[in-house]
Amino acid sequence: MSVSVCFYFQVHQPFRLRKDYNFFSIGPDHSYEDVNSNRSILLKIANKCYLPTNNLMLKLINRHKGAFKISYSISGVILEQFELYAPHVLDSFKALVDTGCVELINETYYHSLSFLKSKDEFREQVTAHKNKIRELFGYNCTTFRNTELIYNNELAAEVEKMGYKTILAEGIERILGWRSPNFVYYPASAPKLKLLLKNYRLSDDIAFRFSNRGWHDFPLTAEKYASWVHSIAGNGEVIGLFMDYETFGEHQWEDTGIFNFMEALPEKIFAHPDYRFQTPSEVAQTYPPVGPIDSVHYVSWADIDRDLSAWLGNPMQDSALEFAYSLESAVKKTQDPALIHTWRKLLTSDHYYYVCTKWFNDGDVHKYFNPYENPYDAYMVYINVLNDLKLTLKQRGVLP
Amino acid sequence: MRVLMFGWEFPPFISGGLGTACFGLTKQLAKRNVKILFVLPKIKGASQVEAAGDITIIGGQNYLSNEIEEVKKKISFFEKEFTVNSPLRPYISYESYKDYLEKIKEFEKESNGLHSSKGNFSIDFSGDYGQDLLSEVARFALVGRYLAQRESFDIIHAHDWMTFLAAIEAKKISGKPLVIHVHATEIDRCGENCNSEVFNLEKHGMENADRIIAVSHRTKEIIIQYYQIDPNKISVVHNGVDLDEIYQYDKTTRPFKNEKMVLYLGRITMQKGPDYFLEAAHLVVKRVQNVRFVMAGSGDMTRRLIERMAALRIADRFHFTGFLGKTDRERLFAMSDLYVMPSVSEPFGITPLEAMRYNIPVIISKQSGVAELLSNVIKVDFWDVNKLASAIINVLERPQIASSLSEHNNEILQKMNWGVAADKVIDVYNSYR
């Protein structure tokens, strides 16, 4: 009985807005983005994470002669930023894809919450991402994951309809009940689709706990971790290790030993003869689903709540989302690709994440990723920008 | 005549009406040959925080700074040689005091060494920023004692409660008469949730004063009723307004075409009634399409109001600007079609007058001192949100009402200049010569 370890890494950075976009900017000033910080943040993360980690992954793929496999979902907005500021990073991803050991996964181009507000917009963004991946990598995706693993029955049905074979979600008890995340399932609403779940304990051991000195398992060695992975043999078929790619070198700095850990890990995993690495679509082809997962409500991989409350739920977030999508039909009526693109970049989920007011526990993580001092500032900037966009739409005659 | 005057802010570093009033008054007193020794605490960190903000905001059009410099030349400022390092702010509440200290600490980390007062006498009043606001006041009193020993003057004039202890010390040492100038009371700021220590300090100042200047009859009544002070000791001197400082702005260049703009400008605190403005705005936007509301300022209610605004789903019609420097304040007045001051309790209320300089109508609450002076404005009870909303709609939708409300603005303002106020203050001084 073989067990597959399935790595999926999320690669994403938003186009952040200018923190000084204020009331007086509305009207005269249409430059919304903080170009300088976006460039410098991207270059910083490229040097700390993307480049060294890509090198490491390439080395591991070569070292293990194709037996080490991984997958990525790279958002459209970060691909654009690579093209703008760091084409060499894009090249290093292309080199990885060229090994044949890497699967690319589709998502919404703008890393958006569009499925929650507009199915049309959702489909358009998924198609845009599909095309972008094809254009840059010559690759056709068959696996889908929604922004931050936001998932429910309805989403699965839509994704199945769009022709995908495999979908990823958070392996949380709320949808699993007594069952284990370490099997392939199918969505109750989309029986032809294969559903792969994240093993959040093992994923978060690397992504969140790796350098936590207060953790009783600190320090985490590749050996120790492999023994946990091996303990699943006999009662599981697939182990979904899903995490942000920035885990390597950015969330966990190099001096925590995260790169050494990752470099040693495949060999330790291979020490057990039943273990192998597979990409999501390979897993889906290998293992028949063991049963349906019924997820009426939304789940996600964010915060301890693993629901939508990182982006929605407080009045500022809700009003911001409503405001943004209220402009959809007018924006599209302009048929102006640049304006549509500008609007869509505002739909990136990070803009709502910054407005989160859940301070305890998760608040720390929010603060880490948040360029603003507080959610109120984030909200005001976002609303000011939307007001300027609305004004532009009025001037174009597409809004009364 | 030489006056030893204690104040808390002075342009360009101001957070409210007190700084504006001190500027307007001292400018006119100086013109009338009154020599003023103005003791202004150089607020460590805090003024720098705001100064940094001001510099960015003013940019190329700091048309005011020359005038401020002119006035400053005529007044001897003790801040130049005497630095009081204190985080005290005139409007601060106990709750926001802690936040404020944090902010200052952060700033100090960044600007380490920026603030050394070379060769000047400097008392670090709160090296570690003690948590007790009132002990800061007590320590500031040492300044009063020190100056009274060193300087010669004819009269002591103190603006608002934080300076009262210092002024009383100066009086004890010098034996000179003390005039206290009440711009606001704890009753205005906190209503029934009064901070009794601040209240007691105010009462102590009033009792020790030889003369009290109240900025309105409303304030005089409060002093009599709540502080039980002899009415004969109290003179009312209304504030004035400076007519020269006009921002040139062409309303036809406003980004929001065919829309009216309604302005609230003030601290976002309970006393100023910003929540009533927001609720009224909500009622108005439900009925009127082409209107936009702007709330300028900052304060301890800001976050709550932003959330409320979001919950009301009027983010495309209601804007928060945050704290603004002088130039942007003027720009907003110039952009607006209507000014609303819904204060719950306003000792005077200088902003409606500032708005009137731009020839726009104003709506003010009946609970304001300035209501005593203005007959040609709409006055509503601060709590009457429905009435406020209909008044706003009336002004916005009926141009003839708007113009009849603003047509006499200029004549009215001419009578309310700081010169008149300065003459009255000199009369108060002279009653002791």
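**Close-up views of a predicted two-chain model**

A:E107 is buried, at 0% relative accessibility; buried means under 20% relative accessible area, exposed over 50%, and partly exposed in between (1.4 Å probe, protein chains only). This is a predicted model, in which local features need pLDDT of at least 70, side-chain atom pairs count only at pLDDT 80 or more, and totals for chains, interfaces and linings use all residues. Residues are numbered from 1 along each chain as its sequence is written, chains are lettered from A in the order in which they are written, and side-chain values use heavy atoms, with hydrogens and water left out.

**View 1. A:E107 pairs with A:R145 in a salt bridge.** A salt bridge is a side-chain nitrogen of Lys or Arg within 4 Å of a carboxyl oxygen of Asp or Glu. Here the closest N and O atoms are 2.8 Å apart. A:E107 sits in the loop between β3 (102–104) and α4 (114–117) of chain A, and A:R145 in the loop between β4 (143–144) and α6 (153–161) of chain A, so the pair ties together parts 38 residues apart in sequence. Helices (H or I, at least four residues) and strands (E, at least two) are DSSP runs, numbered from the N terminus. A:R145 is buried too, with a relative accessible area of 0%.

**View 2. A:K332 meets A:E121 in a salt bridge.** The N to O distance is 2.6 Å. A:K332 belongs to helix α13 (residues 328–333) of chain A and A:E121 to helix α5 (residues 119–137) of chain A, 211 residues apart. Both A:K332 and A:E121 are buried.

**View 3. B:R331 and B:D328 form a salt bridge within one helix.** Their N to O distance is 3.0 Å. The two residues lie 3 residues apart in helix α12 (residues 326–335) of chain B, so about one helical turn separates them. B:R331 is partly exposed, at 21% relative accessibility. B:D328 is buried, at 6%.

**View 4. Chain A meets chain B.** Contact (heavy atoms within 4.5 Å) involves 22 residues of chain A and 24 residues of chain B. The chains bury about 2000 Å² between them, 67% of it on carbon and sulfur atoms. In chain A, A:F23, A:F24 and A:Y376 lose the most area to chain B, together 37% of what that side buries. Buried area is the accessible area (1.4 Å probe) that two parts lose on being put together, summed over both.
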